[in-house]
Structure formats: C-alpha cells, structure tokens
Amino acid sequence: MMTVAEELEFTPPVQDKNLDMVRNILFGEQARDSERRLANLERFVKVWTNSVRDDIRKSHDSLNHELHLVHDLLAEESRARIADAGVSRKNYEQTGKSIESLFRQLQHTQDAFSQRLEQQREDLLNELKQAAEQLRQDKIDRKVLATLLDNVSRQLSIDPV
C-alpha cells in the first residue's frame, strides 16, 4: 500500500486556469509567432527538400543516361577493336606465310645456285686439267728439242745450200 506522501507524489498537479491565462497573456503572441515561423520553416524545408530531391533525381537520370551512352560507345569501340584485331591477326598470318614461302623460294634458289656454281667449278677444273694435260702432251721435251735442233744444225752444216 501507498502512503499519503507517495500518493501526493504520483498525483498530477492540478493546473490552474489562471496560470494558463497569465502564460497566454505574457507569452501568447511570442508562442503564436514562433508557431507561425515554425510552420513557415517546415513549409520551406518541405519545398526545399522536394526541390533538392527533384534536382537529385534529374541529376541521377542525366548521369544514368550519360553512363548508358558511354557504355554504348565503349561497347561499339570494343567491337571495332576486336574486328580490327581479327583483321590484323589475319594479315599477320598471311604475311608470315608469305615470308615463309619467300624464304623457301630463296633457300631453293640459293641451293640451285650453289649447285650450279659447284658444277661450273668442277667443269672449269676439268677443263683446266684437260688443258694442262693437253699442254703436257703437246709440249716438246727439252732434250728432244735439243736433239732435234742438233740434228738440224748438223744437216745444215753438211748440206751446202
């Protein structure tokens, strides 16, 4: 159970009507002015927040639109680069094949030229050997020539002309 002191603490104080009237007389105009300012401020904040929200929404939409445009441009650029890379790769492969073909032709031509040079060298050596042999066969030996000239001079000395 509660004591009388405790009951007094829990009972709400009875407001005096006179006190309210005095407050109204003293602070009523200020309170109404403050309420008017507060209402105006609330309206201003509401209008301002709506304006900011609209501006943010417009900016967001604009940025979103620009992002889509940039994305589309990048996608197009990417496709173009991929296509260019494919063409470049194809040209590179064709050029590589052409170079390999030219290298094989050059190697074949070099081999054929080397064979021809070797054959001509051998032919020239054979001709030189034959010419040397022919000269050896056709030349007169010194002793034979000396004997022949000795005989001719004897005959000339014996034969008066």
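Colleague: Why is R81 called exposed?
Modeller: Exposed means over 50% relative accessible area, buried under 20%, and partly exposed in between (1.4 Å probe, protein chains only). R81 has a relative accessible area of 57%, so it counts as exposed. Before we go on, this is a predicted model, where local features need pLDDT of at least 70, side-chain atom pairs count only at pLDDT 80 or more, and totals for chains, interfaces and linings use all residues. Residues are numbered from 1 along each chain as its sequence is written, and side-chain values use heavy atoms, leaving out hydrogens and water.

Colleague: What makes R81 and E77 a salt bridge?
Modeller: The term asks for a side-chain nitrogen of Lys or Arg within 4 Å of a carboxyl oxygen of Asp or Glu. Here the closest N and O atoms are 2.9 Å apart, which meets that rule. E77 is partly exposed, at 39%. R81 and E77 both sit in helix 2, four residues apart, about one turn of the helix.

Colleague: Why is D54 called partly exposed?
Modeller: Its relative accessible area is 36%, so D54 falls in the middle class. R57, at 45%, falls there too.

Colleague: How do you know how many helices and strands the protein chain has?
Modeller: Helices (H or I, at least four residues) and strands (E, at least two) are DSSP runs, numbered from the N terminus. By that rule there are three helices and zero strands.

Colleague: Where is confidence lowest, and where is it highest?
Modeller: pLDDT is the predictor's confidence in each residue, from 0 to 100. Helix 1 (residues 4-10) is lowest, at a mean of 55, while helix 2 (residues 17-138) is highest, at 91. The protein chain has a mean of 86.

Colleague: What makes V152 part of a nonpolar patch?
Modeller: Patch residues have over 30% relative accessible area and no salt bridge; nonpolar side chains (Val, Leu, Ile, Met, Phe, Trp, Tyr) are joined within 5 Å, like charges within 9 Å. V152 has 39%, so it clears the area cut-off. I140, V144, L145, L148, L149, V152 and L156 together give about 640 Å² of accessible area, by the Shrake-Rupley method with a 1.4 Å probe, where for residues only the protein chains shown count as cover.
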